[in-house]
Amino acid sequence: MMAVGRSAGTVLLICLSFFVAVTGESPYRFFNWNVTYGDIYPLGVRQQGILINGQFPGPDIHSVTNDNLIINVHNSLDEPFLISWNGVQNRRNSYVDGMYGTTCPIPPRANYTYILQVKDQIGSFYYFPSLAFHKAAGGFGGIRILSRPGIPVPFADPAGDYTVLIGDWYKSNHTDLKSRLDKGKKLPSPDGILINGRSNGATLNVEQGMFVFVYFLFFVRSINILSYAYNIGKTYRLRISNVGLQNSLNFRIQNHRMKLVEVEGTHTLQTMFSSLDVHVGQSYSVLITADQSPRDYYLVVSSRFTDKTITTMGVLRYSGSSTSASGSVPGGPTIQIDWSLNQARAIRTNLTASGPRPNPQGSYHYGLIPLIRTIVFGSSAGQINGKQRYGINSVSFVPADTPLKLADFFKISGVYKINSISDKPTGGGLYLDTSVLQVDYRTFIEIIFENKEDIVQSYHLNGYSFWVVGMDGGQWNTGSRNGYNLRDAVSRSTVQVYPKSWTAIYIALDNVGMWNIRSEFWARQYLGQQLYLRVFTTSTSLRDEYPIPKNSRLCGRAKGRHTRPL
């Protein structure tokens, strides 16, 4: 059936409100978004941006563990549109994942209501437009999932909680960038970097807190008094996400250190950093303390591992400040790989802290679970029919005419082939196919990402969080497992792979569905560096996978079929 219209959507929302009232289940939060084009000037020139409710970037989604999110998206563009939810696992329900392999696009002048649940999750994430090259025009925003009341959090409530969206940016319209890629050309380097949609202008406001005076009395012939003043500054949480198109970025604040507390839903050991590498697609939460003199301080974001370093600056502004940021702009790393690798290895899970549930994060001993399968993914780059393409294990992904998940549900043959991609690099030349790799539900596997190229790469897996057990230079082999972190590796959904290096992850396959694995280097993703992981079971139990949503749009060869009675 087609998506609910405005009147049907209203009936659906009323029914859902009544249902939660009488059942007492997890709360529902309602969002009504209108997606439009609009003029934006992030780098000083007019561009066609994609706005949500007139905002660039789009509005934040605030939620609590297990909340149900009802997001009604009206597509007022002149082309199909989809939103995906980076890091939100959509457990047992890949139909609403918002990638073309799972969800039909929303046609122009139509709407679709996403019904999501942030089941058993906490943390900092973001959403973005997944079709065409829309991500280069905006349409992205932050997602925060707070812990439920009564679930311990390993730090005090901050005085403020900010979303900080950083990313590289082009002056060209997204349509021009897409046209260039469609002609088989590479994109030039980005023109700048944005902080919350602005270049050299973003501001975060903080308050200094209070001074505590400590007095000491001592006697040397007479009474003497020494006093010391300590500034107990207020603490703020910054949720930093790299929503850009290709570059790793380094984030830092003048005269302020950052305490890392959370990475993509995992509470971490609380390590102090003076600057933080945020690879494309990744999200981090840090705490900063406003314990400096009340004035303005530089926020600095710069590109990493690029021939020419691009830098942008914002301002951390203390309440009552009358002094502009001044002094030396804090420098950061530029092309140093070892610096970044060592920082990545220092990011580990806080084993005693609670996650979305009261039990400690360390109660799941992933390092003791036997591996069922090892999969190795190697990136590929080359030309096919005279045009630039990218791939994984020699397969350059091309979208099918029907979302793969719908083809599964309706048992439509010929849309794709299971295991159309090898689970190891073949060493052969690039070729086009709709690459799908099947893995078994409730197994525990290892994936190795190999990068034989000279760039830093970044991969994301929808529907899952995985343990980053190892990363190093050179060629991976079974002996590399001797250096794995099998105790407190961080669990996340996006991971970097350094040049001429490998990264190893462990995954518990506990989420049935069709899940996208992709390069977060967006031109490479668009030109084929992605695949779908089909997590399969013969079970038809609702405990394993939900049925297709009643309001699912049907397209391609699924058009004209029926989901379930509404």
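Lys-135 lies over the face of Trp-522, at 4.4 Å from the ring centre; a charge sits over a ring if NZ of Lys or CZ of Arg is within 6 Å of the ring centre and within 35 degrees of the ring normal. The model is a predicted one, in which local features need pLDDT of at least 70 and side-chain atom pairs count only at pLDDT 80 or more, while totals for chains, interfaces and linings use all residues. Residues are numbered from 1 along each chain as its sequence is written, and side-chain values use heavy atoms, with hydrogens and water left out.

Lys-405 is likewise placed over a ring face, that of Tyr-95, at 5.3 Å from the ring centre.

**Aromatic pairs**

The structure holds 27 aromatic pairs, where rings of Phe, Tyr and Trp (its six-membered ring) pair if their centres lie within 6.5 Å, and planes under 30 degrees apart count as stacked, over 60 as edge-to-face and the rest as tilted. Two of the pairs are set out here.

| Pair | Centre to centre | Angle between planes | Class |
|---|---|---|---|
| Tyr-95 and Phe-409 | 6.2 Å | 85 degrees | edge-to-face |
| Tyr-366 and Trp-467 | 5.1 Å | 15 degrees | stacked |

Tyr-95 is buried, at 5% relative accessibility, whereas Phe-409, with a relative accessible area of 29%, is partly exposed; buried means under 20% relative accessible area, exposed over 50%, and partly exposed in between (1.4 Å probe, protein chains only).

The stacked pair of Tyr-366 and Trp-467 ties together parts that are 101 residues apart in sequence, because Tyr-366 lies in the loop between helix 3 (337–346) and strand 23 (373–384) and Trp-467 in strand 30 (residues 466–473). Tyr-366 is buried with a relative accessible area of 2%, and Trp-467 is buried with 14%. Both residues belong to one aromatic cluster, formed by Tyr-364, Tyr-366, Phe-444, Trp-467, Tyr-484, Trp-502 and Tyr-506.

**A buried asparagine**

Asn-72, found in strand 4 (residues 68–75), is buried, with a relative accessible area of 9%. Its side chain makes a polar contact with the side chain of Asn-32 at 3.3 Å, a polar contact being a pair of N or O atoms within 3.5 Å, where within protein one must be able to donate a hydrogen and the other to accept it, and residues adjacent in sequence count only if both atoms are side-chain atoms. Not counting residues up to four places away in sequence, Asn-72 touches Phe-31, Asn-32, Trp-33, Asn-111, Tyr-112 and Thr-113, with contact meaning heavy atoms within 4.5 Å.

**Strand pairing**

Seven of the eight residues of strand 20 (residues 283–290) are buried, so this strand is largely enclosed by the rest of the structure. Strand 20 runs antiparallel to strand 14 (residues 234–242), to which eight bridges join it, and Ile-240 stands opposite Tyr-284 in strand 20; two strands pair if DSSP finds at least two bridges between them. Strand 16 (residues 258–263) also pairs with strand 20 in the antiparallel sense, over four bridges, and there the bridge partner of Leu-260 is Val-286.

Key. Helix = DSSP H or I, 4+ residues; strand = E, 2+ residues; numbered from the N terminus.
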